Amino acid sequence: MERVFNFSAGPAAIAQSILEKARDELVCYRDKGMSVMEMSHRSPMFEEILADTVAVFKNLMGVPDGYDVLFLQGGATQQFSAVPLNLWAGRGKADYVDSGNFAHLAAEEAKRYGTVKITASSREDNYTYVPDVDRISWSEDADYVHITTNNTIYGTRYGTLPNTGKTPLVADMSSNILSEPYDVSKFGVIYAGAQKNIGPAGLCVVVARHDLLGRANPLCPKLLNWEDQQKNDGMVNTPNTFGIYMAKLGFEWLKGLGGVPAVYEQNKAKAALLYDFLDNSKLFKGTAQREHRSLMNVTFVTGNKDADEAFVKYAAAHGLVNLKGHRNVGGMRASIYNAMPVEGARKLVDVMKAFERIEN
Ligand code: PMP
């Protein structure tokens, strides 16, 4: 069967060449005589895979010295707990910006362990924008500030990062990591679930400034404790070895494309194709406010539920799948992560145009 264009928000599309490489190496990894899945995580052959994965990731992200990179399990949601548990040995206070469903969930989880101040929220407006960070006054005594750089469900993104002074900035970058350049030195901690721009689900990357380790609440479970994980090379227990290997293939693929700057240009081009069409369409319209539009998740509606449903079916019949929007927004969402080629965005525009002609 021919492969479709998969616009899923995650788990999301993976480039075919990555899947083919994984297939070719599945039974016997290089000259090792076994699959990566069968390797001991303590063996030199897996240690080499892990070291290469970390190195290529650091190179792609431009991770400066003084930061640790960990590939952990439990997805981004586990980090909603890990963040306060690791950073709250002192005052037990943090500022959160509520810019979407996952930002909200992160704050709700942190509230279980200490004092959370929601410094700004777009919840009342169904998260159609990201609060203006320049107008937020941050707490003087917060242990950290938490943001979500891209809001997957609502299709919004921070254009400007907040300046939080000495307070470490912690970012959930699950849905736009490696899709555009970020200056890692501006962050205390970055974390991201893998299933959008990195590889298969079940893996989470944590980039933590080294001096922030060692502040964990004594009750922080060992598995969630970044310092314990760092001291054990991310192997407090058996890591997701195959997920790490798949991430490595993904990172190598991205490097081959020209790295983050090159994919960023491609991502801007894909998003522009879709938003330009939406802005000129008589039938479809984007739901996120223009200046906050995501480059990764394009949310749109027709304004009529039946027409939305009909469009999702029509698109699927043309090989464009998983375009149904999240129930909180309705309508459609086209997730166009790094692995979505420009051709996929072009085809989506063509199909929207054809559908619009039928409806009119
Ligand atoms: N944060 C963001 C921004 C997300 O998009 C998601 C998942 N879609 C999560 C967190 C939760 O990720 P996970 O399922 O890996 O826990």
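Reader: Where does Met-37 lie?

Author: Met-37 sits in the loop that runs between helix H1 (16-26) and helix H2 (44-61). Keep in mind that this is a predicted model.

Reader: Which residues make the nonpolar surface patch?

Author: The patch is made by Leu-26, Val-27 and Met-37, and it covers about 300 Å².

Reader: Is Ser-137 buried or exposed, and why?

Author: Exposed is the word for a relative accessible area over 50%. Ser-137 has 55% relative accessibility, so Ser-137 counts as exposed. Its place is the loop between strand S4 (115-121) and strand S5 (144-148).

Reader: Which residues does Ser-137 touch, leaving out those up to four places away in sequence?

Author: With those neighbours set aside, Ser-137 touches Lys-117 and Thr-119. As for Thr-238, 101 residues apart from Ser-137 along the chain, the two C-alpha atoms are separated by 42 Å.

Reader: How is the protein divided into domains?

Author: There is domain 1 (16-257) and domain 2 (259-359). Their C-alpha centres lie 27 Å apart.

Reader: How many residues are in contact between domain 1 and domain 2?

Author: On the domain 1 side 26 residues are in contact with 24 residues of domain 2. Between them the two domains bury about 2200 Å², with 55% of that area on carbon and sulfur atoms. In domain 1, the residues losing the most area to domain 2 are Ile-153, Arg-157 and Ser-179, together 23% of what that side buries.

Reader: What is the count of salt bridges between domain 1 and domain 2?

Author: The count is zero.

Technical notes. Residues numbered from 1 in each chain as written. Predicted model: local features only at pLDDT ≥ 70, side-chain atom pairs only at ≥ 80, totals over all residues. Heavy atoms only, no water. Patch = residues over 30% accessible without salt bridge, like charges linked within 9 Å, V, L, I, M, F, W, Y side chains within 5 Å. Areas by Shrake-Rupley, 256 points an atom, 1.4 Å probe, with all protein chains shown as cover. Salt bridge = Lys/Arg side-chain N within 4 Å of Asp/Glu carboxyl O. Helix = DSSP H or I, 4+ residues; strand = E, 2+ residues; numbered from the N terminus. Buried < 20%, exposed > 50% of the residue type's maximum accessible area, 1.4 Å probe, protein only. Contact = heavy atoms within 4.5 Å. Domains from an automatic or database assignment. Buried area = accessible area lost by both parts, 1.4 Å probe.
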